[in-house]
Amino acid sequence: VSARKLAVMAVLALGASAALAQVSEITPPASGSREERVGSLLPPGVESAAEATDRVTNYTPDPAKYPVPRTSWDGKPDFSGVYWPGVNITPAPVPLESLYKPEAREYREGGGGARGLIDWRSIDSPAYHCWPPSPANGSMALSLQLVSAPGFLLMLNEGGGTFRIIPIVGEGDRRPDQSRRPSFMGSSVGHWEGDTLVVEVTNFNGRPWLGGARPPAQPPQTSSSALRIVERWSRPDGQTFEYQAVVEDPEMLTARWTGPVHRRGMLPYDMIQEALCVPDPELYARHREFAAAAAAARGRGGVRGRGGAR
Amino acid sequence: MAAVAGAAIVGAVLFVGLREAAEEDRALTQWGEPDLTGVWQGEALGAASGGDTFNLQTLEGLYTPDARARMKQMSAKDDPTLQCVPPAFPRAAMLGHRLQIIQRPGFALVFTEAYPTVRIIPTSGRPHTAEQFLFPSHLGDSTARWEGDTLVVDVTSFNGEGWLASGQDKPTSASAGVWLTSPAMHVVERWRRIDADTLEYQATVEDAETLTSAWQTPVVTLKRQSIDRIEEALCRPEDGPETYLARLGS
C-alpha cells in the first residue's frame, strides 16, 4: 500500500462519511493544482503528494542515522523497499527536447513507433494503452517496489503492474542478452561499480516514448530500436535511493543525453498492491471517434485561423 | 582382497555421500531455505482438446445450483483473459507458459510470462495483509510458510472476477466453458522442488459461494528452463489469445 493509496482511501472514506452525515460536507477548493486541491481534502496527519514531494526534495540523506542496509549474500547495498514519491533533485544539464534531430520531426509528429495507435494531440498516451512508463526514467511508475535478490535487482511497478528483472553479473560478463525479443523495457544487465549498480539497457523495440508530448507544439519524444540507456542506481542512505540515466539514440538524438538525478523516498510498507492496467478496446473505439471529431474540428478551426491571420 | 573391496565400498559410500551433499547445497538458498529459484515451464493442461488433464470434470460437478444458474447466462466469450485480465493461480499453472521464481530472505516472487504479473509472497509465515490495507484483487493476497521442503501458500482476498479455467475447457459434452469464482475463494498452494530440474505445484481451491466442497488440482510438473529470465510480454485484446499466446515461449 502506498501513501498515495492511503490518501485516495481517505478521500473516498470522507466521501462515504459525508453520505452518512458523520462529517460535514466538503466543498473542494476551486483554485490550485489538482494535487493541491486533493491535498486540502486530506484529514490531518495524512501527507499529501505535494507535501511528500517537498519532503523528499528537501531531504538530506543521513547514512550515519539511517545506514544503508546490505544484503546477507554479497554485502552490497540492499535496495529492497517500497518507494514513493519520486523527485528530480538535480535537473538534466540540457532539456531532452534540445537534442532531438530536426529530421526526426516528421516521425515524431506521426507518433513514432506508436503510429496508428496513439493520437498524441488528444488525451492519448502510451500509459493509456497500458505500455510501461518511459525507459528514460527506468520504466518506473509513480510508486514502486525494489527487491534485491541474489543475482538480481527487481523493479515492480504498482501502477500498471509491469516489472523489470535485472540480472547482476560480474565485471567481465556484462553484455546484455541480445537473444531476447526486443521489448518496451529492453534487456538489462547490471554490474557493481563500488556501491553503485550500473545497468546497461539495450534491445528496445522502438516503441517507447522517452518523454510525453505537449500538444500542440512538442510532438512525442519518440525512440528508435537503437536506444541504449546506462543507468546508475545507488542508495545514499536507508531512507532513499537515487537513479540517473544516460540515454543514447543516434537515430533520434544529436548527442548523448544525461537525465536528472532522480530520488525516491521509502515508505514503511513491505509490499506494493496489485494495480493492473487492463486495456479496454471499447474505450479505445469511443476515443477514436472523439479524436476524429476533434481533428475535424481542428481542421476547420485551422482554416479559419489562417484566414483571420491574413 | 577384502581390504581392497572394503576400500572400494568406503570410497563408493563417500562418493555418493559427497554427491548428495552437493545436491543438498544446490537445493538450499544461502540463508537455508529450499531453493525454488529459476525459470520453470510445464505442459498446457485442461480439457480444451478432448481428455481432462486438470481434474475439471470434478470441478464442474462441485458448482452450487446458484452458480450453475449464473453460469448458464454466460458463455466462453466472457472469459476475462480474453480482455487480458490475468488469470490467478492455479489457472496460471495450467497455461503451459513460463514462470520465474526469485527468492530473498522473507519473500518469494513469482513472475508469469503470459499475462505478465508478479506475486509477492511473504515466506516468513507472517499473517495476511491487515484488513485496512487490503483490496480485493485478481491475484489475491498471499502468505506462505515452509513445511519441510514444501512452500505452502495461503491465498485470499480475490475479487471474484477470475475464472478457474478457460472458455475452451469443456470436459463433458454438457460443459458451458464457464468457470466462475467469487470473492470468497481461498486457495492453498504447495510448491516443491523434487530434484534440481523439476518443480511440483498443486493447489486446493475452496469457494463457499460457488463450490459445494474443496477442489483439488492434479500435481503439475514444471521443468527448469535454461534461461535466466522470462521475456516481456504485453497482452493486447485485439491480438486475441491465440496470437498473443503463440508469441510467447518461442
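1. A friendly start with one side chain: B:Glu147 is partly exposed, its relative accessible area being 33%. Here buried means under 20% relative accessible area, exposed means over 50%, and partly exposed lies in between (1.4 Å probe, protein chains only). Please keep in mind that this is a predicted model, in which local features need pLDDT of at least 70 and side-chain atom pairs count only at pLDDT 80 or more, while totals for chains, interfaces and linings use all residues. Residues are numbered from 1 along each chain as its sequence is written, chains are lettered from A and ligands numbered from 1 in the order in which they are written, and side-chain values use heavy atoms, with hydrogens and water left out.

2. The partner of B:Glu147 is B:Arg190: the two form a salt bridge with their closest N and O atoms 3.4 Å apart. The term stands for a side-chain nitrogen of Lys or Arg within 4 Å of a carboxyl oxygen of Asp or Glu. B:Arg190 sits in strand β7 (residues 186–195) of chain B and B:Glu147 in strand β5 (residues 141–147) of chain B, so the pair ties together parts 43 residues apart in sequence. Helices (H or I, at least four residues) and strands (E, at least two) are DSSP runs, numbered from the N terminus. B:Arg190 is also partly exposed, at 34%.

3. Also in chain B, the side chains of B:Asp239 and B:Arg236 meet in a salt bridge of 3.0 Å, N to O. B:Asp239 is buried, with a relative accessible area of 14%, whereas B:Arg236 is partly exposed at 27%.

4. Over in chain A, a salt bridge of 2.6 Å (N to O) joins the side chains of A:Asp195 and A:Arg70. This pair links distant parts of the chain, 125 residues apart: A:Asp195 is in the loop between β5 (187–193) and β6 (196–202), and A:Arg70 in the loop between α3 (49–58) and β1 (81–90). A:Asp195 counts as partly exposed at 35% relative accessibility, and A:Arg70 likewise at 43%.

5. Taking all chains together, the count of salt bridges is 26.

6. Now for chain A as a whole. Five helices and twelve strands are found in chain A, and 44% of its 310 residues count as buried. Among contacts (heavy atoms within 4.5 Å) in chain A with a separation of 6 or more, 61% come from residues 24 or more positions apart. The accessible surface of chain A is about 14,900 Å², with 55% of that belonging to carbon and sulfur atoms; the areas come from the Shrake-Rupley method with a 1.4 Å probe.
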